Amino acid sequence: QREQNKTFQALKRNAFIALVLIYALLAVPLRSYGQPLIIMAVIPFGLVGVIAGHLIMRMNLSMMSIFGVVALSGVVVNSSLVLVHYVNQRRNEGIALSDAVRAAGVARFRPIVLTSLTTFAGLTPLLLEGSVSAQFLIPMAISLAFGVVFASSISLFLVPSLYLILEDVKHGASQWIESMSRSFRSA
């Protein structure tokens, strides 16, 4: 029990470091502090998929399940990144925000769905493996397979919505700052 607690504490610390690194790796090329948060917002939904997967497969959560969750956090950001990158490209071409977001959803729907389904299909042999030697890996495979499918599905709806919300907040903040600066200049 003591060794398991020690492992779990180290895993929590390392998972936090991994999330910070993911954020940094996204923030630098996107040149944004908000867009990486949009991309990473799907990670908690991966946890919903993990729990649902364990219930469907009638398996208990284990330490290997948690290892799968940590790995999942790096995998599920891909579908969101693809959407955000596509929106940014279209906006750089001068397309209106709502049209760019809609185009991203349409253009990236098939690649996102196919990627998540092929990941699930690739893990299916391990999920169905009955040998004793593979049993300890199955909870990690459940975490990855079901987490990827659920988080990728949610990302198709969540990321475009959050992108629009972020732009509204940025627009509102810039208007507020502009009105405050006008008030100070007139005073």
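Colleague: Which residues does Leu83 touch, not counting residues up to four places away in sequence?

Modeller: Leu83 touches Ala104, Gly105, Arg108, Ile112, Ser155, Leu156, Val159 and Pro160. Contact here means heavy atoms within 4.5 Å.

Colleague: What kind of model is this?

Modeller: This is a predicted model, where local features need pLDDT of at least 70 and side-chain atom pairs count only at pLDDT 80 or more, while totals for chains, interfaces and linings use all residues. Residues are numbered from 1 along each chain as its sequence is written, and side-chain values use heavy atoms, with hydrogens and water left out.

Colleague: Back to Leu83. Where does Leu83 lie, and is Leu83 buried or exposed?

Modeller: Leu83 lies in helix H5. Helices are DSSP runs of H or I with at least four residues, strands are E runs of at least two, and both are numbered from the N terminus. Leu83 is buried, with a relative accessible area of 2%. Buried means under 20% relative accessible area, exposed over 50%, and partly exposed in between, using a 1.4 Å probe and protein chains only.

Colleague: Which side chain does Ser79 join in a polar contact?

Modeller: The side chain of Ser155, at 3.1 Å. A polar contact is a pair of N or O atoms within 3.5 Å; within protein, one must be able to donate a hydrogen and the other to accept it, and residues adjacent in sequence count only if both atoms are side-chain atoms. Ser79 is in helix H5. Ser79 counts as buried, at 8% relative accessibility. Leaving aside neighbours within four places in sequence, Ser79 is in contact with Ile112, Ser152 and Ser155.

Colleague: What about Arg90, buried or exposed?

Modeller: Arg90 is buried, with a relative accessible area of 13%. Arg90 is found in helix H5, residues 77-92. The Arg90 side chain makes a polar contact with the side chain of Glu93, at 2.6 Å. Setting aside neighbours within four places in sequence, Arg90 is in contact with Ile95 and Ala100.

Colleague: New topic. At what angle do H3 and H7 pack?

Modeller: Helix H3 (residues 43-57) and helix H7 (residues 138-186) pack at about 135°, with their axes 7 Å apart. Axes are lines fitted to C-alpha atoms, for helices over the stretch in contact, and angles run from 0 to 180 degrees between N-to-C directions.

Colleague: Which residues of H3 and H7 meet?

Modeller: On the H3 side, Phe45, Val48, Val50 and His54 are among them; on the H7 side, the list includes Pro139, Phe146, Phe150 and Leu158.

Colleague: Which residues have a positive phi, then?

Modeller: Two to look at are Arg31, with phi near 50°, and Arg58, with phi near 55°. Most residues other than glycine have a negative phi. Arg31 lies in the loop between helix H1 (2-30) and helix H2 (35-40). Arg58 lies in the loop between H3 and helix H4 (63-75).

Colleague: Are Arg31 and Arg58 buried or exposed?

Modeller: Arg31 counts as exposed, at 76% relative accessibility. Arg58 counts as exposed too, at 77%.
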